[in-house]
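Here is a short report on one protein model. Keep the sequence and the structure in view while reading.

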Amino acid sequence: MGAGKRGVLTAAVTVVCAVTVLAVPGTAFAAPTPPPDPGATASVTVVTSDVELEAVRKKLDKLYRAAARATDEYNAAEEKARQQTAQVVRLAKKITEGREKLDDLKSRAGAAAAAQYRGGGLPPEARLVLSDDPQEFLDGAGRVRQEQHAAKGLIGEMTRTQRDLEQYAADAREQMRKLEAGRKVKAAAQKRIERQIEAAEKLEAELEQEEKERLARLERQAAARAQATWLSSGVLEALSSEATPQGRKAVAYATAQIGKPYQWGAEGPNTFDCSGLTSQAWLAAGKTIPRTSQMQWQHLERVGVRDMRPGDLIIYWADASHVGMYVGDGVMVHAPRPGRTVTLAGAGSMPILGVVRPDPDAERHPE
């Protein structure tokens with residue numbers, strides 16, 4: 001590895017990271033690289049130690065988690081935009097219908113006014129004197145009163161329709177304002193996602209193939225240690241292997257996507273992000289759930305980890321930035337991060353924030 005490459009890796013390694021890694025029990029580290037022979041004339045390849053690679057692993061994890069948080073923000077803005085666009089469409093339809101109704105009312109009111117004008121002009125006493133048939137005059141007077149009453153009704157309805165139109169227009173303007181604000185939020189989130197992923201990819205690109213393989217091994221070891229610690233609590237003994245009919249359908253959908261690439265903001269059918277996978281799996285099972293992992297954590301019913309069943313969603317990290325679906329036997333399926341594919345992993349391989357259940361009222365059936 002050249003001096004420039006060495007400098008990039010050194011920037012990613014801090015004393016704190018090194019001390020933290022050395023404190024982890026059961027972790028093997030390579031011996032420090034001896035200084036080069038002063039008399040050597042050939043270039044020397046600097047071997048990156050496992051301590052340094054562990055620091056790189058943590059740096060990559062931090063970058064991808066930041067991208068995951070921004071992805072959740074992007075997805076939330078996208079979901080709001082869908083709802084607001086649908087609301088604008090509904091309001092536009094109401095405005096069109098209201099205008100048509102107002103035009104009809106104006107036409108009817110105009111016709112009524114013209115009829116009253118043609119029949120008016122003389123006071124009632126004069127029309128009574130001039131009438132050959134007093135009963136006909138009285139009948140006509142009754143009709144006039146009815147027409148006047150109807151005219152007042154038309155005017156009242158026109159006024160209400162006009163107020164409705166003004167309110168619809170104000171609501172539509174507000175929704176358009178929110179749409180514009182949402183577009184800005186989404187654009188900012190997209191920039192953060194791309195910036196974090198670019199930084200992570202650049203860091204990985206600085207590694208040689210052998211270092212990448214060792215880095216992957218360190219990732220697997222870290223996940224295995226976390227899973228072993230989780231299982232050592234005895235949680236698996238309490239977990240149920242039963243699922244609801246909808247839960248089985250959701251698990252079947254999610255596991256059928258194994259091997260498909262992660263793509264931030266994607267909801268399938270060919271690529272997924274973490275919450276895109278879980279929300280689409282439950283949609284395939286006939287249940288609509290929130291789009292993002294944070295909204296799933298906020299709005300779905302929470303259950304204890306020891307009570308989770310296949311189909312339940314496991315929310316990870318304190319900021320609820322990742323989600324997987326429990327499939328049974330201590331295993332979950334998830335879309336991990338950019339550069340990875342949908343896969344099975346230990347349910348305890350990452351810090352668990354909690355578990356949520358999309359179908360809390362459904363009865364379980366043995367698998």
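## The largest pocket

Helix H3 provides nine residues to the lining of the largest pocket, the largest share. The model is a predicted one. H3 is joined in this lining by H5, helix H6 (209-232) and strand S5 (343-346), and each of the four supplies at least two residues.

The largest pocket has a volume of about 1000 Å³. Its lining counts 38 residues. Asp-61, Ala-223, His-334, Pro-336 and Met-350 lie nearest the centre. By class, 21 lining residues are nonpolar, nine are polar and eight are charged.

## The second largest pocket

The second largest pocket holds about 180 Å³ of space. It is lined by 14 residues. Nearest its centre lie Glu-79, Thr-288, Ile-289, Pro-290 and Arg-291.

H3 gives the most to this lining too, with four residues. H3 and H9 each supply at least two. Six of the lining residues are charged, four are polar and four are nonpolar.

## The cavity

How many cavities of 30 Å³ or more does a search of the whole structure find? The search finds one. The space in this largest cavity is about 30 Å³.

Which residues line the largest cavity? They are Ala-68, Thr-71, Asp-72, Asn-75, Tyr-262, Asp-273, Cys-274 and Ser-275. H3 and H9 are the elements that give two or more residues to this lining. The largest share, four residues, comes from H3. The lining divides into three nonpolar, three polar and two charged residues.

## The nonpolar cores

The largest nonpolar core has 29 residues. Inside it, Trp-282, Leu-313 and Met-325 have the most contacts. Helices H3 (50-119), H5 (134-205), H8 (245-256) and H9 (274-284) are among the elements that give two or more residues to this core, and so are strands S2 (313-316) and S3 (322-328). H9 contributes four residues, the largest share. Another core, of 14 residues, lies apart from it, with Val-235, Leu-239, Met-308 and Tyr-316 among its members.

What does Met-325 contact, leaving aside neighbours within four places in sequence? Its partners include Ala-250, Val-251 and Ala-254. They also include Thr-278, Ala-281 and Trp-282.

## Helix H6

Buried residues in H6 are Glu-211, Arg-214, Leu-215, Leu-218, Ala-222, Gln-227 and Trp-230. Gly-234 follows H6, and its phi is positive, near 80 degrees.

## Asp-319 in its loop

Where is Asp-319 found? Asp-319 sits in the loop between S2 and S3. Its relative accessibility is 22%, so Asp-319 counts as partly exposed.

Asp-319 touches Arg-65, Arg-69 and Gln-294, not counting residues up to four places away in sequence. Asp-319 and Leu-353 are 34 residues apart along the chain. Their C-alpha atoms are separated by 8.2 Å.

Note on methods
Residues are numbered from 1 along each chain as its sequence is written. This is a predicted model: local features need pLDDT of at least 70, side-chain atom pairs count only at pLDDT 80 or more; totals for chains, interfaces and linings use all residues. Side-chain values use heavy atoms; hydrogens and water are left out. A nonpolar core is a set of buried Ala, Val, Leu, Ile, Met, Phe, Trp, Tyr and Cys residues joined through side-chain atoms within 4.5 Å. Buried means under 20% relative accessible area, exposed over 50%, partly exposed in between (1.4 Å probe, protein chains only). Contact means heavy atoms within 4.5 Å. On a 1 Å grid over the protein atoms alone, a cavity is a set of points where a 1.4 Å probe fits but cannot get out, and a pocket is an open set with protein on both sides within 12 Å along at least five of seven lines; lining residues have an atom within 4 Å of a point. Grid points are joined across faces, edges and corners, and a volume is the space filled by probe spheres set on the points. Ala, Val, Leu, Ile, Met, Phe, Trp, Tyr, Cys and Pro count as nonpolar, Asp, Glu, Lys and Arg as charged, and the others, Gly among them, as polar.
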